[in-house]
Every structure is written in structure tokens, then in C-alpha cells.
Amino acid sequence: MSVDLLGFFGVVLVAYVVPGPDFLVVVRSAAEHPAKGRAAALGAQSGLCVHMVAAAVGLSVLAARSPVVYDTIKLLGAAYLVHLGVRAVLAARRAARQQRGERDVRVGASRGRWRSGFAQGFLTNVLNPKAALFFLSVLPQFVHGGGSPTRQIFLLGTLDVLVGVAYWFTLVTVASRLRALLARPRFRHRWELTTGWLFIGIGVGVAATA
């Protein structure tokens, strides 16, 4: 098996560094709680695994060649981003509450927080057709003869997922520092509004290009 790993890692790192919906979901989750940020990161990478398997078995080829399937996935992803944005904007109305009071209400809610973060990361990624197209258009460029293309795609996809986990966890560590600022009601209000409208803007932009 001959794979151009150096070139592949370069492309993958650039893809992760450029902010997208996954970036916003992970950062926002980490700012709320580090555990939720890590859950969102694992959810995003789990969604990426779905695209990897689909590409390896050829299902993504069907979606890419069918405008109806592609646009449906795209619109579902856009709707979900708008949904996250609306929730964030509504949450801004509750930002004046003191963080200590919120902790009393949320005792024992760590499991729910993890599920919420994972679900947001997973759905954001799995409903992103660009992630599927990455495996279909970029990965084959680094697959060479002398071996099974399916095995090479699985290898590259697995490496992509692992690189992403390392990148997201590092980002979570940095973004979780925002928690101290979020303890201030005024800053939290602005943060919720800003991230909410960003989600809505990205969602509308995705839907407009469908």
C-alpha cells in the first residue's frame, strides 16, 4: 500500500484550521463546559466516520451524482444550523442569570450535557455534504495503485479522524478559557447573540446555495 501521507496531512490540517460549522459548534460547546466541548468534538468526528464508510462503500458517489439527494442533505444541514442559531439567540435572553444559580439547577446534568454536545457535533457533520465530498474528491488523490482503494480510503479516513480529535481537543482546551468571561452576564448575552446569528447566517448561506 502506497499512500502520500505527507501531502495528505498537509491538506487535512488546512481543512481543520479553516473555520466551519464544526468549529463553531465545538468552540461554543467548550465555552459552555469543557466536557460538552469534548463531546461535540467526538460527535463531529463520529459524523466524519459515517462519511468515511459511505465513501469507502460507494454510497457517497450516489449522493454526489444525484442533485436531489445532495440538495436534500444540504437543506437538512442548513435547517439544523438555523435551529442551533435560534436556540442560541433565545438563550441570550437568559444570560443575565448568575452562573452560580445555574449550577444549582444543573446538578447531576453532566450526562445530559455530554449527550447534547455529542448530538450537536454529530448532526452538524453528518448533515454536511461537503464532508462527504471531501472523501470523494480529495482522498482519491492520495490513493495509489498496488493496493485496495477501499483499504487506503479507510486508512486515510482514520488518520483524518484521529488528527481531528487531537485538533478539536486542543481547541477545546483553549476555548474553555472563555468560561470565566461567560460568568459575566453582559459578555454571555453578547456571546450567545453573536454565535446564534453566526449559526443562522451560515445556515441561510448554505440553503441559498442549494
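1. Helix axes are lines fitted to C-alpha atoms, over the stretch in contact, and the angles between N-to-C directions run from 0 to 180 degrees. Helices are DSSP runs (H or I, at least four residues), numbered from the N terminus. This is a predicted model: local features need pLDDT of at least 70, side-chain atom pairs count only at pLDDT 80 or more, and totals for chains, interfaces and linings use all residues. Residues are numbered from 1 along each chain as its sequence is written, and side-chain values use heavy atoms, with hydrogens and water left out.

2. Start with helix α2 (residues 21–32) and helix α3 (residues 34–57). Their axes are 5 Å apart, at an angle of about 155°. That makes α2 roughly antiparallel to α3 (over 145 degrees). The crossing of α2 and α3 is right-handed (the near helix is turned clockwise from the far one by less than a right angle).

3. Contact means heavy atoms within 4.5 Å. From α2, D22, V25, V26, S29, A30 and E32 take part; from α3, P34, K36, G37, A40, A41 and A44. By class, the contact of α2 with α3 has 7 nonpolar, 2 polar and 3 charged residues. Here Ala, Val, Leu, Ile, Met, Phe, Trp, Tyr, Cys and Pro count as nonpolar, Asp, Glu, Lys and Arg as charged, and the others, Gly among them, as polar.

4. Helix α2 also packs on α9. Their axes come within 8 Å and cross at roughly 45°. D22, F23, V26, V27, A30 and A31 of α2 meet Y167, W168, L171, V172 and A175 of α9. That contact divides into 10 nonpolar, no polar and 1 charged residue.

5. Now the rings. The whole structure holds 6 aromatic pairs (Phe, Tyr and Trp rings, the last by its six-membered ring, with centres within 6.5 Å). In one, Y16 and W168 have ring centres 5.8 Å apart and planes at 85°, so the pair is edge-to-face (over 60 degrees). Y16 lies in α1 (residues 5–17) and W168 in α9 (residues 149–175), so the pair ties together parts 152 residues apart in sequence. Ring pairs link Y16, Y167 and W168 into a cluster.

6. Are Y16 and W168 buried or exposed? Y16 counts as buried at 10% relative accessibility, and W168 is buried at 2% (buried is under 20% relative accessible area, exposed over 50%, partly exposed in between; 1.4 Å probe, protein chains only).

How values were computed
Phe/Tyr/Trp six-rings, centres within 6.5 Å; stacked < 30°, edge-to-face > 60°. Helix = DSSP H or I, 4+ residues; strand = E, 2+ residues; numbered from the N terminus. Parallel < 35°, antiparallel > 145°, perpendicular 65-115°, else oblique.
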